[in-house]
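Colleague: Before I use this model, could you walk me through how the labels on it were assigned? I would like to see each value next to its cut-off.

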Amino acid sequence: MKLKSFPKGGIHPPHRKNSMYSKDDLNATIPSIAIIPLSQHIGAPAKCVVKVGDIVKEEDLIGESVGFVSANIHTPIPGEVIEIKDVYLPSGRVSPAVVIETKGEFTRLGKPLEVSSWEGLDKSELVDIIKRQGIVGLGGATFPTHVKLTLPEGVELEHLIINAAECEPYLSSDHVLMLEYSKEITTGLKILKKILDPKNIYVGMEVNKKDAGELLTNTFKEESLDASVVLLKNKYPQGAEKNLVRAIIGKEIPSGKLPLSVGVINLNVSTVYAIYEAVCLNRPLVERFVTIAGGAVKKPGVYRVRVGSTAKSLIEECGGLIEEPSKVIFGGPMMGFTVFDLDVPITKGTSGILALTKKEVNAAKTTNCLKCGRCVDGCPMGLLPSKLYKLIDHNKYDEALDEGLNDCVECGSCAYNCPAHLFLVQQFRSGKSIVRRSKGAK
């Protein structure tokens, strides 16, 4: 069988997907105190609708979206609002957050949930539910899903592509989700089919998840859903949006354009499951699957985690640390964010917590660029990372834009290949940030 892939660049880091999970023990311990940021999505932070001293029920609304590109925030636990304060997000940005201490009774936890019938609802009603329940993209981008599902008038969708590649080392959350919830994912796809009416539905995943692919294929058949699983080569960054679209339908998304420009909407498989829960179980997005891994973690695992839990509590859930980590990362090792405080809360966009040892981090001293071209070989976007680095270093931002700075997907393939250990991705993020601020000031 010939496996599909994107044509340019890419790297092959070791998988290290050795996290275990137990079907009967998937739920992480409920936090006694949840720290819930009001900015867990791209767009404007939600507006706080509670105050200190308020008593809230499980899954109550505590943050209200304030615009089209924004998302509601709900509490994962019942209890009392004990504080509203600024907290650091995994990305390093600061967000207001509601701190809730568990109190009272869980109204839904551990109880059988009624499955609602959705077939009689029309498209706008389904999108309204998804918006109300605060669903955002769970692949890391956290783009409000209701925005993506609102097609411009007159536009017909050719392809719905579900991203189940999960190509970052260590991360196995989507894999576990597909193995355990194939029927629910299939229902989520049926809901999306009704909303978007795509001509084709594809689920793209790396071949190291072949067992999940076979399971989904059989479930699609049993549930009479016309959808296909596309197995892809194990190559990073297979899950980057532009790469996935190119690999599956062979079309290239033009620079500065969205996937819709080539007839595609792309969603993460965890988002599809969240849509199922929102529509069928009337459940807001208050928890997600998270991988806790890395050589410093005693028993790496995958758990269903409540938003607002801390990295510290999840590492303890896995038996604690067996050595002092050299680096703790939210997300994968290639695109994740290093944090320096284990009390940083889990957000809707957190797919993994990695506590890496010194050996795994393999930090080395930065030297001058060797002009070897290995960064160019690794770039899946066909850019010249060494040239971009130099242009930003000399504050030549307009020239960096002309060289494709905004086409950089920040996958880290260039830095992985760089024998000089240059901080290429950090430089590109910094350059983009300066350009955005500069445009905002005009």
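Modeller: Here are the annotated cysteines and a few paired strands, taken one label at a time. This is a predicted model, where local features need pLDDT of at least 70, side-chain atom pairs count only at pLDDT 80 or more, and totals for chains, interfaces and linings use all residues. Residues are numbered from 1 along each chain as its sequence is written, and side-chain values use heavy atoms, with hydrogens and water left out.

Colleague: Thanks! What makes Cys369, Cys372, Cys375 and Cys418 a "binding site"?

Modeller: That name comes from UniProt, in an unreviewed entry; such annotations may be inferred rather than shown by experiment. The four are spread over 50 residues of sequence, yet they cluster in space, with a largest C-alpha distance of 10.4 Å.

Colleague: Why is Cys372 called partly exposed?

Modeller: Its relative accessibility is 42%. Buried means under 20% relative accessible area and exposed over 50%, with partly exposed in between (1.4 Å probe, protein chains only). Cys372 therefore counts as partly exposed.

Colleague: And Cys418, buried or exposed?

Modeller: Cys418 has 10% relative accessibility, so it counts as buried. This cysteine sits in the loop between helix 13 (413-417) and helix 14 (424-441). Helices here are DSSP runs of H or I with at least four residues, strands are runs of E with at least two, and both are numbered from the N terminus.

Colleague: Which other cysteines does UniProt annotate as "binding site"?

Modeller: The unreviewed entry also gives that label to Cys379, Cys408, Cys411 and Cys414. Their span is 36 residues of sequence, but they too cluster in space, the largest C-alpha distance being 10.4 Å.

Colleague: Why is Cys411 called buried?

Modeller: Its relative accessible area is 6%, so Cys411 is buried. Leaving aside neighbours within four places in sequence, Cys411 is in contact (heavy atoms within 4.5 Å) with Tyr236, Pro237, Met334, Met335 and Pro380.

Colleague: What about Cys408, buried or exposed?

Modeller: Cys408 has a relative accessible area of 12%, and is therefore buried.

Colleague: How many bridges join strand 14 and strand 15?

Modeller: Three, again in the antiparallel sense, with strand 15 covering residues 337-339. Ile329 stands opposite Thr338 there.

Conventions:
Pairing = 2+ DSSP bridges.
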